[in-house]
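Subject: Structure for you to look at

Hello,

Here is the structure I said I would send. My notes on it follow below.

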Amino acid sequence: MKAWRVHENGEPREAMRLDEVPTPEPGPGEALLRVRAAGVNFPDAMLCRGTYQIRPPLPFTPGVEFCGEVVAVGEGVTDLDTGARVITPAALPRGAFAEYAVVPAAGVLPAPEALDDAEAAALHIGYQTGWFALHRRAALRPGETLLVHAAAGGVGSAAVQLGKAAGATVIGVVGGPDKAEAARELGADIVVDRHAEDFVAVVKEATAGRGANVVFDPVGGDSYTKSTKCVAFEGRIVVVGFAGGTVPAPALSHALVKNYAILGLHWGLYNTHDPVAVRQAHEALCELAASGAVRPLVSERVAFDGAAEAVQRVADGTTIGRLVVQP
């Protein structure tokens, strides 16, 4: 089979190489899936660069999530039917940018019937991240104000839709007019182009000085620092990632005197520590997709031979919504 592999860490377009490799076979507790669509995520770029918290041995295949079809199962797997359409995280070092992938059967979930393959692939990690950030960590309530950074990006676009579905007023921060238009189409009530406006001032004006109850931050750096200036009393800042490249050093004395909480979210840990919660979130997300309340913004469906360039574009921050690779 064909698979993209990283032999040496570096920028995705240089590091990713299309190889011919043996088709894997499922072991006990595993399933072999034919990849129907693989979502492109910022962690894929970090994996290529060697800067992600998980560092698989070289060479490895990137791609952290996909929609696939069950081809075969290993010993002990009784709840997956051949031919079933499913979504799942990939099992590095055998990632999703390949024609076939083996994954632990326990993490495989039915693909939402309301979504096509590309949309289903894009629903999983981004929307699970948004769901756990807003509901499990921040306990977002109807009527609250939610500030979403990178609101037209992969996880940010999910947070906008999930915030609206939860009954919040959503303020989205983006970089550029095209991304601003995308955030409006996703449902954001107020959109701030950070290149032209100060989101701190906009948040304070929109909330009559109270500030945002919840901040969803996958960017870090200045986005985090400025958010502390417009977070509400008893507000919650959920740290999701550092796509801006800078890991902020929070001033804990400031959190104390303003009475706000700083919450970390590494969604992947739930697959180990609370897999039941992951399945419950998946069921809720499928219901939201069926009702039309959420639908991943798939801006481009990329041919398999364009995977490396797609990861590079996500790394460069030039994309809107989600790119999905389809073998």
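Helix 2 (residues 42-49) meets helix 11 (residues 307-316) through Phe42, Asp44, Ala45 and Arg49 on one side and Val311, Val314 and Ala315 on the other. Contact here means heavy atoms within 4.5 Å. Helices (H or I, at least four residues) and strands (E, at least two) are DSSP runs, numbered from the N terminus. This is a predicted model, in which local features need pLDDT of at least 70 and side-chain atom pairs count only at pLDDT 80 or more, while totals for chains, interfaces and linings use all residues. Residues are numbered from 1 along each chain as its sequence is written, and side-chain values use heavy atoms, with hydrogens and water left out.

The axes of helix 2 and helix 11 come within 8 Å and cross at roughly 100°. Axes are lines fitted to C-alpha atoms, for helices over the stretch in contact, and angles run from 0 to 180 degrees between N-to-C directions. Helix 2 is therefore roughly perpendicular to helix 11, a label used for 65 to 115 degrees. The residues of this contact are five nonpolar, no polar and two charged. In that count Ala, Val, Leu, Ile, Met, Phe, Trp, Tyr, Cys and Pro are nonpolar, Asp, Glu, Lys and Arg are charged, and the others, Gly among them, are polar.

Glutamate 11 touches residues from both of these helices. It sits in the loop between strand 1 (2-6) and helix 1 (12-15), and beyond its neighbours within four places in sequence it contacts Arg49 and Gln312. Glutamate 11 counts as partly exposed because its relative accessibility is 31%; buried means under 20% relative accessible area, exposed over 50%, and partly exposed in between (1.4 Å probe, protein chains only). From glutamate 11 to alanine 308 there are 297 residues in sequence but 9.4 Å in space, C-alpha to C-alpha.

Next, the core. The largest nonpolar core has 90 residues, and Met16, Phe66 and Leu146 touch the most other members. A nonpolar core is a set of buried Ala, Val, Leu, Ile, Met, Phe, Trp, Tyr and Cys residues joined through side-chain atoms within 4.5 Å. Helix 3 (residues 117-137) gives the largest share, ten residues. Another core, of 17 residues, lies apart from it and includes Ile171 and Val200. Leaving aside neighbours within four places in sequence, the contacts of methionine 16 include Trp4, Phe97, Ala308 and Val311.

Which way do the residues of strand 8 point? Leu146 and Val148 face one way, Thr145, Leu147 and His149 the other, and all are buried. Strand 8 (residues 145-149) pairs with strand 9 (residues 169-174) in the parallel sense over five bridges, and three bridges join strand 8 to strand 11 (residues 212-217), also parallel. Strands pair if DSSP finds at least two bridges between them. Leucine 146 has valine 170 as its bridge partner in strand 9 and stands opposite valine 214 in strand 11.

The open sheet has six strands in the order 10-9-8-11-12-13, with parallel pairing. Its edge strands are strand 10 (190-193) and strand 13 (261-264), and the twist averages 20° from one strand to the next. Helix 4 (residues 154-165) lies across strands 8, 9 and 11, at about 165° to strand 8.

Regards

Definitions and conventions. Angles under 35 degrees count as roughly parallel, over 145 as roughly antiparallel, 65 to 115 as roughly perpendicular and the rest as oblique.
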